[in-house]
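Look at the sequence and the 3D structure before reading on.

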Amino acid sequence: MFREAGKSKMKKKRQEKIIEIIHKYEVETQEDLARYLNQAGYSVTQATVSRDIRDMSLVKVPGVRVRQRYMTASEDSGVYGRQYVSVLQDGVISMEQAGNLIVIKTAGGMAMAVAAALDAMELDGVVGSIAGDDTIMCAIKSEEMVESVLSNMRALFCRA
C-alpha cells in the first residue's frame with residue numbers, strides 16, 4: 001500500500017514536470033519529452049511518457065519552431081485562437097460536404113494539425129474529426145447543420 005502511494009506521488013511530480021516542460025519548450029515528440037524528463041532527473045521510458053500523455057489528455061497543436069507540439073487540452077483556447085486560425089488558413093485547401101460529413105483536403109502532412117486545431121475550437125455542430133495525411137473527415141451532428149458549419153468554417157479560416 002505504501003509503495004502504491006509512493007508511485008502515485010512520483011507520477012504526480014513527473015506529470016507536474018511534464019506541464020512545466022511543455023510550457024517552457026515546444027516539445028514535438030514523445031522521445032523529446034522523455035529526453036527532457038531524463039535531463040531533469042526523471043528516469044522514464046517512451047512507454048511511460050506515452051501513458052502520461054494519455055492520462056493527462058495532452059494534445060498536439062501547431063508549433064512555431066516545430067511542426068506540432070504538445071499542450072494541455074484544458075489550456076485556454078483563446079490564447080491559441082490566432083494560432084489555430086493561422087494553421088487552418090495555411091493548411092486547408094478545400095472543404096466539401098458528403099452527407100453529414102465535411103471532407104477537408106489539406107496540404108500534405110497538415111491534416112493532423114488542422115484536425116487538432118479544429119477540434120480545439122469546439123465549433124458548434126462538429127462532433128469530431130479523423131485525420132490522415134492530407135484529408136480530414138469531420139462529422140457533423142446532422143446533415144441539416146452541414147451548410148451552416150461549412151459557412152462558419154469558411155468565415156473563420158478563409159483569408160479575406
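## Terms and model

Two strands pair if DSSP finds at least two bridges between them. Strands are DSSP runs of E with at least two residues, helices are runs of H or I with at least four, and both are numbered from the N terminus.

The model is predicted: local features need pLDDT of at least 70, side-chain atom pairs count only at pLDDT 80 or more, and totals for chains, interfaces and linings use all residues. Residues are numbered from 1 along each chain as its sequence is written, and side-chain values use heavy atoms, with hydrogens and water left out.

## The chain as a whole

The chain holds six helices and six strands. Read from the N terminus, the order of these elements is α-α-α-β-β-α-β-β-α-β-β-α.

Of the 160 residues in the chain, 39% are buried (under 20% relative accessible area, with exposed meaning over 50% and partly exposed in between; 1.4 Å probe, protein chains only). The accessible surface is about 9,400 Å², and carbon and sulfur atoms account for 51% of this; such areas come from the Shrake-Rupley method with a 1.4 Å probe, and for residues only the protein chains shown count as cover. A contact means heavy atoms within 4.5 Å. Among contacts between residues at least 6 apart in sequence, 52% join residues at least 24 apart.

## The four-stranded sheet

In what order do the strands of the open sheet stand? The order is β3-β4-β6-β5, and the pairing is antiparallel. Because β3 (92–98) and β5 are at the edges with a single partner strand each, one side of each has no neighbour in the sheet. From one strand to the next, the twist averages 20° (axes are lines fitted to C-alpha atoms, for helices over the stretch in contact, and angles run from 0 to 180 degrees between N-to-C directions).

Six bridges link β3 and β4, and S94 stands opposite K105 in β4. Strand β4 (residues 101–106) is joined to β6 by five bridges.

Strand β6 covers residues 135–140. I104 stands opposite I136 in β6, and A131 also stands opposite I136. Five bridges join β6 to β5 (residues 126–131), and these two strands form a hairpin with three residues between them.

Which residues of β6 lie on its covered face? They are I136, C138 and I140, while T135, M137 and A139 form the uncovered face. Helix α5 (residues 111–121) lies across β3, β4, β5 and β6, and runs at about 165° to β5.
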